[in-house]
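I opened the notebook to look over one chain from end to end. I start with the overall fold and then go down to single residues.

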Amino acid sequence: AQLHYSVPEDREPGFSVGDLAKDLGVEVRSLAARNLRLVSEGGQRHFQVDLAAGVLLLDSRLDREALCGQSPTCSLHLQLVMENPLQLHRVEVDVLDVNDNAPQFPKPEVVLEITEVANLGTRLPLEVAEDPDMGSNSISTYELSPSKHFALSINVRGDGVKMPEIVLEKALDREKVPVHHLTLTALDGGNPVKSGTARVTIHVLDANDNPPVCDPPISKVLLEENVPVGTLVTKLNVTDLDEGPNGDVEYSFKTSNNAPGKFTKLFSLDARTGEIRTKALLDYEESSAYEIAVRARDKGSPAMEGHCHLRVELIDINDNSPEIVLTSVSSPVQEDAAPGTVIALIGVKDSDSGDNGQVRLQIAQELPFKLVSSFKEHFSLVTGGPLDREKASGYNITVRAVDSGSPQRATQKTFYLRIADVNDNAPNFSSPFDTAHIQENSLPGTSVFSVSASDPDEGSNAKLSYSILDNGMQDVPISTYFRIDQDNGTIYTMRALDYEQDKVFQVPVEVKDAGSPALSSTAVVHVFVLDENDNAPNIVYPSVPKGSAFHQAIPALAEPGYLVTKIVAVDADSGHNAWLSYQLQESAEALPFQVERRSGEIRLAQALRESEDSHRLVVEVRDNGTPSLSASVVIVISPEENSVQDFSKSLDLPQSSPEDTNLTLYLTISLVSISLVSCVMFGLVAARC
């Protein structure tokens, strides 16, 4: 919004300029909370804001003439900045002129000379009075004290300045009145009217009766700014009807002693030729026009002079680059900021005028931001689309200001905008399924596996903690078997694992960030327990109490190869730890029996002698683990005449009966089946991943 107020220049500090709260449409009590502050574009502080009343107050007494000089308008530009939300309001205050200055002549006394033979209508230019006030308060008219010979004429210059001249209305006679004393009064248009006077002394001279005449008396020249020093502005056209020294004209600038014209520092005048040239660079932005008064004086006695008035108007060229002013920047900005969120307030200025001062503001199109024009020469940089800190944590934003001049001039300013993180990304495991192996009977606290997750957020939003979830798949909660380091994701055992009880565990792991609200994801670690040889073989047949022997009777006339009995044993372990072998323990005497290593069959190796009594055999069953474990059974074999054999007979010693049960074969088939099922399961998991 833009507010416009006006205040007379003579008001005391504390004067109420305008009701900001009412004109902005906001509650007075919200001004302090929204941190309303006043920014003066000129750097000087002339106003203050009463937050309690919501009004704009005068901070110091204003002097329009000191602030704006002779400018027809005098405006002070302010900026009001309010936060929550961030808003910028422009305030323009017109300083109204009051009639606080009286007209004043450059000199209190003006001395003029005029030849007695001067023609009626001869004009004697007078010094222009100065009045710092403007408009109706500036000089309105001039008055001349009554005179029989002279009258007052007022001409209006090109810039509207009234120029008094004394006009000869009645022929002069120097011998009667050699000197005329008059009073010139300058009146302004204020209420009440203020005035200033100057004494005018006119000396009547003889001789040279034709003054130099400037043709035209008032002229205008258009000149581009920044022309090279020494450029010809114009050559005055002055004529003098006299001859000889009375017609030889010399030129000089006409200035007042107490206020020398600024143009004398910028222009040079050739006293002989009347050529006016530049002697310094001209700047349109400093002054767009110059009024030059030239006195043309002949060399007669007495000398006569004419006056030329030249107005030099400068043509603006595009010699000033635009200026970019960052009024406010909100950095960092949340990555979830809605489109249209104000990021920065930007002002532009160009000292040139017209098209040369028309400025366009641009930013790169690929940026997720856009410029919105607030009001003249002020823009807001707002978000134009969604932001993602994980893709871009910040932006170097280059704002480019280009004017409409020819050739164009441009300025750019770059500032960095940081994007603040919000918790919009859940942690992500490197794999949703992992496989780990651990030897059974490992000590509690053994490291099993380390899961790893990542979170593209930052700070607390990326601080991860791991935990194990109970999925109810085991009879006992999974947390009684395993624990996890919440910081690094390493899984440890809580107790020794038994392959024979649980061969595989599914351990669900959850990772959660520390954001608000927290986000999480899960993964499953399949922990396979590896078997070790921790179970000795168990003899299931013959089943005898510990420390006892099994008695077996055989026919006394049994032939070699006779099947005496069969030892049947099992091992709770698996794989090669469950591969069993049977053998007879060495004894002091040679025994007529042998044990099949794999099947456990005890056969007669040679015919029994009639004199032989019973035989005591110790059969040892040993597994294939490392270290190997074993069990043994004592069998007492007694020859009897009428013994009945329950097993098959007369088999060749190296062969086995097709009907014999080979426990080792069954165990091997089971192991292969389990391996195949495991491979199929891993293949399905890999295909799903």
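Among contacts in the protein chain between residues at least 6 apart in sequence, what percentage join residues at least 24 apart? I looked it up: 67% of those contacts do. Contact here means heavy atoms within 4.5 Å.

**Ground rules.** I am working on a predicted model, where local features need pLDDT of at least 70, side-chain atom pairs count only at pLDDT 80 or more, and totals for chains, interfaces and linings use all residues. Residues are numbered from 1 along each chain as its sequence is written, and side-chain values use heavy atoms, with hydrogens and water left out.

**Layout.** I listed the domains: domain 1 (2–96), domain 2 (109–205), domain 3 (213–315), domain 4 (323–420), domain 5 (428–530) and domain 6 (538–640). These bounds come from an automatic or database domain assignment. The C-alpha centres of domain 4 and domain 5 are 50 Å apart.

I then checked the UniProt record. Its unreviewed entry puts "domain: Cadherin" at residues 6–105, 106–214, 215–324, 325–429, 430–539 and 546–656. UniProt positions are in the numbering used here, feature names are shortened, and annotations may be inferred rather than shown by experiment. I took the span 325–429 for a closer look: 0% helix, 52% strand, and end C-alpha atoms 48 Å apart.

**Overall shape.** I found five helices and 49 strands in the protein chain. These are DSSP runs numbered from the N terminus: helices are H or I with at least four residues, strands E with at least two. The radius of gyration is 59 Å, whereas a compact globule of 689 residues would have one near 26 Å. That radius is taken over C-alpha atoms, and the globule rule is 2.2 Å times the number of residues to the power 0.38. The C-alpha trace spans about 200 × 55 × 35 Å along its principal axes.

I noted that 42% of the 689 residues count as buried. Buried means under 20% relative accessible area, exposed over 50%, and partly exposed in between (1.4 Å probe, protein chains only).

**Salt bridges.** I counted 18 salt bridges. The rule is a side-chain nitrogen of Lys or Arg within 4 Å of a carboxyl oxygen of Asp or Glu.

I looked at E109 and R199, whose closest N and O atoms are 3.5 Å apart. E109 sits in strand 8 (residues 109–115) and R199 in strand 14 (residues 195–205), so the pair ties together parts 90 residues apart in sequence. E109 is partly exposed at 36%, and R199 is partly exposed at 48%.

Next came R622 and E620, with N and O 3.1 Å apart. R622 is partly exposed at 28%, whereas E620 is buried at 12%. I also found a network: R157, E291, R311 and E313 are joined by salt bridges that share partners.

Which peptide bond did I find cis with P216? The bond from D215 to P216, with omega near -5°. P216 is in the loop between strand 15 (213–214) and strand 16 (218–224). The bond from T626 to P627 is cis, with omega near -5°. P627 is in the loop between strand 48 (615–622) and strand 49 (630–640).

N84 lies in the loop between strand 6 (75–82) and strand 7 (87–96), and is exposed at 61%.
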